[in-house]
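Subject: Structure for your review

Dear colleague,

Please find below the structure that I am handing over to you. My notes on what was found in it follow directly after.

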Amino acid sequence: MHPSHFTAVLLFALFASTVFGITMRDTPQKMFRYGAYCFALFVGSVFVVSWLMFFIAR
Amino acid sequence: MSTTPNRPVAGKKADKGFVYLPLIAGWLVPGAGHFLLGKWVRGTLLAISILAMFVLGLAMQGKLYTSTQDIMDLLGVLGDLGSGLLYLVSRGLGLGTQPIQTTVADYGTKFIVVASLLNIIAAVDAHNLRTGRKQS
């Protein structure tokens, strides 16, 4: 199996966020919100770091 | 130190039995600690997430750490051991033994280690639910 790097990031973020959401909050609504927050941070940080590396490499 | 008092999950019924059982079960089998406490949906989501991450790591030709010769490999073994029976069974089946030759295989190795560390977090969460440190 050879997913693209971005697909690997999305899978990693999805599963890690799910576990973080369930274990770090008490109620289902808070779990969902915290999981979505973690997912957004994971993926958002990938975009930021990717652009940083793009400009550093130029 | 935690200031939250330890309270049982469901009254006297939760007082019975070995208090560390959810912790140990959750470590050995992902989600099992939550299943023991009747948290079926959470247990299922945790089991799916951790299992999927571990299996995807192996499918990406990630490596299972086996050597304890240098400190980094030893830390890798300790990390992988977090997945409990998954690690032992995978080693028994001879999976994850190929040397890392691609970037994706390196990602796979990280998937395996992180899945194991997430399993430890899930097992500790089950323990906290059992002791009442986490309310629900």
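How many salt bridges does a search of the whole structure find over all chains? The search finds two. Please bear in mind that this is a predicted model.

Both pairs can be described individually. In one, B:Asp106 is bridged to B:Lys110, and the closest N and O atoms are 3.0 Å apart. These two residues belong to helix α7 of chain B, where four residues, about one turn of the helix, separate them. B:Asp106 is partly exposed, at a relative accessible area of 30%, and B:Lys110 is likewise partly exposed, at 41%. In the other pair, B:Asp125 forms a salt bridge with B:Lys134, with 2.8 Å between the closest N and O atoms. Here B:Asp125 and B:Lys134 are both buried.

I turn next to the interface. Chain B contributes 23 residues to the contact and chain A contributes 18 residues. About 1900 Å² of area is buried between the two chains, and carbon and sulfur atoms give 78% of that area. Between chain B and chain A there are zero salt bridges, whereas seven residue pairs are in polar contact across this interface, both residues of each pair being at pLDDT 80 or more. On the side of chain B that touches chain A, the elements giving two or more residues are α4 (40-59) and α7 (103-131) of chain B. By residue class, that side of chain B comprises 15 nonpolar, five polar and three charged residues.

The nonpolar packing also deserves a description. The largest nonpolar core has 24 residues, and those with the most contacts inside it are B:Ile50, B:Met53, B:Phe54, B:Leu64, B:Phe111 and B:Leu118. Two or more residues of this core come from each of α1 (5-24) of chain A and α4, α6 (85-92) and α7 of chain B. Of these elements, α7 of chain B gives the most, with seven residues.

Which residues does B:Phe111 touch, not counting residues up to four places away in sequence? In chain A, B:Phe111 touches A:Ala8, A:Leu11 and A:Phe12. Within chain B, its contacts are B:Met53, B:Leu56, B:Gly57 and B:Met60. B:Met53, like B:Phe111 itself, is listed among the core residues with the most contacts.

With kind regards

Key: Residues are numbered from 1 along each chain as its sequence is written. Chains are lettered from A and ligands numbered from 1 in the order in which they are written. This is a predicted model: local features need pLDDT of at least 70, side-chain atom pairs count only at pLDDT 80 or more; totals for chains, interfaces and linings use all residues. Side-chain values use heavy atoms; hydrogens and water are left out. Contact means heavy atoms within 4.5 Å. Buried area is the accessible area (1.4 Å probe) that two parts lose on being put together, summed over both. A salt bridge is a side-chain nitrogen of Lys or Arg within 4 Å of a carboxyl oxygen of Asp or Glu. A polar contact is a pair of N or O atoms within 3.5 Å; within protein, one must be able to donate a hydrogen and the other to accept it, and residues adjacent in sequence count only if both atoms are side-chain atoms. Ala, Val, Leu, Ile, Met, Phe, Trp, Tyr, Cys and Pro count as nonpolar, Asp, Glu, Lys and Arg as charged, and the others, Gly among them, as polar. A nonpolar core is a set of buried Ala, Val, Leu, Ile, Met, Phe, Trp, Tyr and Cys residues joined through side-chain atoms within 4.5 Å. Buried means under 20% relative accessible area, exposed over 50%, partly exposed in between (1.4 Å probe, protein chains only).
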